[in-house]
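Thanks for sending this one over. Here are a few notes to read beside the model.

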Amino acid sequence: MVKTLYLMRHGETLFNQLKIQGWCDSPLTAVGFKQAEIAGNYFKKHGIFLEEAYCSTSERACDTLEQVTTLPYQRIKGLREWHFGRFEGEGEFLNPPLPYGDFFVEYGGESESQVRQRIVDTLQQLMENAKGKNVLVVSHGGSCRQFMRYWQHNTSIDQQEPLRNCCILKFSFSDEGTFKLLQIINHDFTGLTGERSGQ
């Protein structure tokens with residue numbers, strides 16, 4: 001059975017506006033809650049029946065998921081954001097330019113390859129064990145990007161813009177255990193203010 005993974009980034013948080021945010025957490029802003037509601041309406045509008053739901057252990061991911069669906073869900077550590085070590089919670093102005101590579105390892109954080117392998121392994125196991133056809137996973141900007149890059153050889157879709165808050169990456173998952181990116185869904189947040197591009 002071919003399954004569909006809807007991999008979503010969480011809504012805007014307080015730290016998205018101010019801080020480097022990885023394993024540290026901050027609550028969704030009012031805008032973040034509205035973004036999650038809009039993302040939830042996407043599934044309703046397109047008649048997509050979600051059968052299973054998962055998210056990272058961060059509050060911002062859980063709160064986002066709860067605005068999208070009333071399904072019971074499981075929190076999974078492997079879905080967490082990039083760990084930035086001693087840079088966690090520090091001012092955004094201290095963030096180095098992309099790509100990060102191994103920069104954060106020296107400060108007790110993860111390398112790019114470690115984040116990528118963690119999210120790939122986690123989603124591989126999750127989708128192999130999933131009983132439902134349509135699976136929602138709420139994770140984080142950096143983790144979502146790393147997963148997408150790992151499977152970029154298996155798609156013709158080109159990322160034209162940043163993965164904004166509550167962006168959905170739609171993947172097929174085949175019986176052979178491979179993922180294919182089918183669509184990048186950035187929602188129309190016209191009228192909402194405060195959105196930023198942080199983790």
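The points below go from the overall fold to the aromatic rings.

1. A word on the basis: this is a predicted model, in which local features need pLDDT of at least 70, side-chain atom pairs count only at pLDDT 80 or more, and totals for chains use all residues. Residues are numbered from 1 along each chain, and side-chain values use heavy atoms, without hydrogens or water.

2. The protein chain holds four helices and six strands (DSSP runs: H or I of at least four residues for helices, E of at least two for strands). Their order along the sequence is β-α-β-α-β-α-β-α-β-β.

3. How much of the chain is buried? Buried residues account for 55% of the 199 residues, where buried means under 20% relative accessible area, exposed over 50% and partly exposed in between (1.4 Å probe, protein chains only).

4. Now the rings: the whole structure contains 19 aromatic pairs. Phe, Tyr and Trp rings (for Trp, the six-membered one) pair if their centres lie within 6.5 Å; planes under 30 degrees apart are stacked, over 60 edge-to-face, and the rest tilted.

5. F103 and Y107 make a tilted pair, 5.4 Å centre to centre with 40 degrees between the planes. F103 is partly exposed at 32% relative accessibility, and Y107 is partly exposed at 23%. Both belong to a cluster linked by ring pairs, together with W82, F84, F87, Y100 and F104.

6. F171 and F179 have ring centres 6.2 Å apart and planes at 90 degrees, so they are edge-to-face. F171 is buried at 0% relative accessible area, and F179 is buried at 0% too.
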